[in-house]
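Hi,

Here is the structure I promised to pass on. Have a look first, and my notes follow below.

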Amino acid sequence: MNMMRLLQEHNRTFINWFRQTIFTDDSVSNTLRLLVVGPNLNVPTWKGYDINHYSFYTKSHDDKISVHNSGVTIDGHSDHFCSASDKNMIQASMPYYGVIEDIWELDYDEFRVLVFKCKWVNGNIEVHQDKMGFTLVDLQKVDYKDNPFIMVAQARQVFYVQDSCESSWSVVLQGRTTCIGHHIDGSTLDVSEMPTFSKQMPLINAEDDEDDVHPTRNNHDEGL
């Protein structure tokens with residue numbers, strides 16, 4: 001069996017193998033047992049969440065206000081093959097762009113896990129760079145519907161500005177630390193100051209990917 005088929009078989013059978021292994025091993029941790037059992041079916045949801053120095057909101061909440069904080073990006077790492085007969089696996093990384101549809105708080109009784117449910121742009125055909133090196137996305141062409149969730153700690157914030165030349169495309173701007181529409185220092189957020197994803201222009205220094213403390217909510221509405 002070549003590596004490609006081996007990975008496919010692994011992805012297909014892992015969940016059942018994981019459950020059987022955990023349930024038959026008395027030495028495993030209680031955390032693993034809770035993960036196998038699954039979360040409570042009553043899932044608290046949030047319209048906003050503060051993490052990694054950003055304030056994230058759902059797209060439905062953004063549609064009601066002037067400040068948009070639902071844009072998100074994540075770097076995806078995966079194994080790739082050129083064809084089914086290819087035996088040379090390569091590891092590749094590519095950014096994915098999307099918007100947050102829901103924020104779920106999965107309750108495993110003894111601990112909780114926060115995830116973003118996102119709508120993702122097809123990264124293979126609906127993301128490109130123009131001649132100046134700016135990254136553009138078509139937010140109307142979505143894909144990866146079977147994989148909408150990411151851990152909140154993985155998320156980086158981005159903003160989308162409609163391209164004045166092609167209205168169907170949006171320019172991707174890097175997010176910056178904000179506090180519900182304002183900079184942490186209290187000044188108003190100016191979109192013209194936002195760094196782009198252009199390779200032709202200098203980028204701001206990246207801050208730490210994660211806070212040193214546990215993620216916290218801050219005056220956001222809760223629902224079920």
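In which helix is Phe14 found? Phe14 belongs to helix H1, residues 3–23 (helices are DSSP runs of H or I with at least four residues, strands are E runs with at least two, and both are numbered from the N terminus).

Before going on: this is a predicted model, where local features need pLDDT of at least 70 and side-chain atom pairs count only at pLDDT 80 or more, while totals for chains, interfaces and linings use all residues. Residues are numbered from 1 along each chain as its sequence is written, and side-chain values use heavy atoms, with hydrogens and water left out.

Back to Phe14: it counts as partly exposed because its relative accessibility is 33% (buried is under 20% relative accessible area, exposed over 50%, partly exposed in between, with a 1.4 Å probe and protein chains only).

Now the inside. The largest nonpolar core has 16 residues, and Phe56, Val72, Phe116 and Ile150 touch the most other members (such a core is a set of buried Ala, Val, Leu, Ile, Met, Phe, Trp, Tyr and Cys residues joined through side-chain atoms within 4.5 Å). Strand S6 (112–121) is among the elements giving it two or more residues, and the largest share, four residues, comes from S6. A second, separate core of seven residues includes Tyr97, Val99, Val158 and Tyr160.

Last, Ser168 sits in the loop between strand S11 (156–162) and strand S12 (170–174). Its C-alpha is 9.8 Å from that of Leu136, though the two are 32 residues apart in sequence.

Cheers
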